[in-house]
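Visitor: I would like to learn how to read a protein model. Please take me through one.

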Amino acid sequence: MELYPLIFEPILKDRIWGGTKLQSDLGKNIPTQTTGESWELSAVPGDVSVVSEGVYKNKPLSELLEQFPQEILGQKVHEQFGTQFPLLFKFLDAKDDLSIQVHPNDELAKQRHNSFGKTEMWYVMQADKGARIIVGFKHKSSPEEYLEHLNNKNLIEILNEVEVKKGDVFFLETGTIHAIGAGIVIAEIQQTSDITYRIYDWDRVDAQGKSRELHVEQALDAMNYNTTDTQKQYAQTENSANVMVDCPYFTTSYFPLNGEANINKDGSSFTVYICTEGEYSFENDGKSYSFKKGDTILVPAALKGFSLKGEATLLEICIS
């Protein structure tokens, strides 16, 4: 395999709650004024990413994984997942509130949907003044209390609302009731899954006057009714990977690049870099590749040594 950092064509999604910040803030060529998501790196069936540059331009990720599974995924990840890419990377622009929702765990998702569960994390890239998210319950709840408030349209009264700012990080284990609020741009890292149980959608309708499907019954046994500690604190040492979230599905680090950093990997896992601020170059084997804010790159596991140069804020993700 020819080894170089792979960047993909964004898969842009129109959403009832979307806006225009994916273009104004991240330079995406959005097709509508309500573009809510940019899938940067995806192996979800029907939404498989395609390489945008280099010798593998126009190749789908799935095809590359069939040809070079160990070189891309790494020995450990390949042994665990075969030729499946286990993670999904997105940017989200919430102009309006997202629905209140919950994601099933691996066991439930496998049983009902033949899918992975959906453990995820959020890195807040931009937040309007006063913007907030919903994460978990204020106090330990129960199916009975939750349903009573849902039916009375005052569910928000028992949910935990948190005001957010740029740089905040939240880790959402499966079963955590949640919603991204209006006025926030987020980088999301999650398991490869598109399974969402929508519980409450603020009684809104689309242009045709239709409300979106709800999954109240399915959500009941998928939900964690305990309080959860979701916000993560992290160090910010320059030119170093500062771990923010370390879970069985992914390890995400905050990497503030100032100048040059030499990176050495062991080949057990691929590495992904998401640029949330600034510009940088990726250098290896005498070649240089330039990236900027809004770019997400996949570094094949077989590419073990490289340098990063520039001034940028990066998120570094691998499976450890």
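Visitor: What share of the contacts in the protein with a separation of 6 or more comes from residues 24 or more positions apart?

Guide: A contact means heavy atoms within 4.5 Å. Here residues 24 or more positions apart account for 73% of the contacts with a separation of 6 or more. This is a predicted model, in which local features need pLDDT of at least 70, side-chain atom pairs count only at pLDDT 80 or more, and totals for chains, interfaces and linings use all residues. Residues are numbered from 1 along each chain as its sequence is written, and side-chain values use heavy atoms, with hydrogens and water left out.

Visitor: How many of the 320 residues count as buried, as a percentage?

Guide: Buried means under 20% relative accessible area, with a 1.4 Å probe and protein chains only. In this protein 53% of the 320 residues count as buried.

Visitor: Which residues have the most contacts inside the largest nonpolar core?

Guide: In soluble globular proteins, nonpolar side chains tend to be buried together. A nonpolar core is a set of buried Ala, Val, Leu, Ile, Met, Phe, Trp, Tyr and Cys residues joined through side-chain atoms within 4.5 Å. The largest one has 42 residues, and F85 and L298 have the most contacts inside it. Beyond its neighbours within four places in sequence, L298 touches several residues, including Y4, F8, L41, F85 and F270. A second, separate core has 21 residues, among them I100, V102, I195 and I199.

Visitor: What box do the C-alpha atoms fill?

Guide: Along the principal axes, the box is roughly 65 × 40 × 40 Å.

How values were computed: Buried means under 20% relative accessible area, exposed over 50%, partly exposed in between (1.4 Å probe, protein chains only).
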